[in-house]
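My notes follow, in the order I looked things up.

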Amino acid sequence: MARHILIFSGLLIAVLFGGWLWLAQPDVARLPVTAVMGARPTISEPRNEIWPTIKVADVVGWQGGAMPTPAAGLAVQPFAQGLDHPRWLLTLPNGDVLVAESNSPPRQVGGITGLVMGWLLNKAGAGVPSANRITLLRDGNGDGVAEQKSVLIGGLNSPMGMALLDGQLYIANTDALVRVPFTPGQTRITAKPEVVVRYPGGGNHWARTVLPGADGKLLYVTVGSASNIAENGIEEETGRACILEVDPARKTMRIYAGGLRNPQGLALEPKSKRLWTTVNERDMQGSDLAPDYLTAVEFGDFFGWPYYYWGGYPDKRVEPKRPDLQEYSKRPDYALGPHTASLGLAFADGARLGPRFADGAFIGQHGSWNRVPVSGYKVIYVPFAENGFPAKGAAAVDVLTGFLDKDGNARGRPVGVALDGAGALLVADDVGNVIWRVRAKG
């Protein structure tokens, strides 16, 4: 009898272990990234995962003078090096450049989820403590290299976005929008930041960005979700997965648009002054879903998260169901590929990179963790038409590649993008700890 029990126990363990191995097999993409891009991407059947597909490029850094590869007709060089996890950029009217050196606040996630998250962050080069500061970079002689670097303000709380409005520098900390008096030309701020509004901080998506509106009076702030698909309950997502509209004079805010899992980049399209954003979509639906996207945003828009994606496709994993919201789930304007982690956004207004890059949007794609093979890890450009929307049938153009070496290791990962005062493109590389400057050859 004992022998039979041992045999049965051994078989059960083998079956369970084999089942775990089967569940843990990574989901391999069946479509190229380009098939899940554009105004009409391929939306395939979801392959929902119990155990997530995990594929992150190992970080090796830029060795032996290596640099990214620019598109034909462009050249690249380091604008600033030796930074500490540079994430976001702001070019000031006098040509100085501000960079937020920042990272996630300490995470309060335990158990298996916490272990997996910590392992992923370390593997991706994002496990370092946050520097919690904004650094000023100055290229005084105009040679395309910042010879002056100084800490403008420190002691912040995982800062990311920055905006200059009416003599105040607004800083989007992870949990609050703050401001300090500031005049371009200053190299040090000693004033204590004043809280304008508070919003939920931390969570799976901690980074907040801020942008002045076209009227010069209001500000817009992105707040990502705390989870993948509200698996901890929708009540935990109150005030999240949205873009906030902030009145800094009254210190008030309201939700401007919702259903946005993790909005990041914010920019005004130069012709229409319409607000646009980049959004990171959900994970664990397989390597081909769901596409991150670039979209125009208007007051009252709802983009479906967590119940729907890409304009009304239901996510059957989410409970409770909300069939009443399906018809109100707005379809985004342009898909950016699955799991690309599209973050930085800057329109080409003022760019001096040649006619090919004169009317469109530059986007920093930080790179995937939930796709095989990996996606993103580059800077792309989406051409726009005269109507202020992506050109019909236009394919995205690679602007800066080579962040992955020939063995698939990450030498860097692009995040924020901005134009400098001379019309060159600046790219914050938070793994390479460098800001790259892309200019036209000659």
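Is E281 buried or exposed? I found E281 buried, at 3% relative accessibility; buried means under 20% relative accessible area, exposed over 50%, and partly exposed in between, with a 1.4 Å probe and protein chains only.

The model is predicted, so I kept local features to pLDDT of at least 70 and side-chain atom pairs to pLDDT 80 or more, while totals for chains, interfaces and linings use all residues. Residues are numbered from 1 along each chain as its sequence is written, and side-chain values use heavy atoms, with hydrogens and water left out.

Next I looked up the partner. E281 meets R282 in a salt bridge at 2.8 Å, N to O; the term means a side-chain nitrogen of Lys or Arg within 4 Å of a carboxyl oxygen of Asp or Glu. R282 is buried too, with a relative accessible area of 0%. I then saw that a network of salt bridges links E281, R282, D315 and R317.

On to D301, which pairs with K330 in a salt bridge, the closest N and O atoms 2.8 Å apart. The two sit in loops 29 residues apart. D301 is buried at 13%, whereas K330 is partly exposed at 27%.

My last pair was R179 and E194, a salt bridge with its closest N and O atoms 3.2 Å apart. R179 is buried at 12%, and E194 is partly exposed at 33%.

For the tally, I noted 20 salt bridges in the structure.

Methods: Helices (H or I, at least four residues) and strands (E, at least two) are DSSP runs, numbered from the N terminus.
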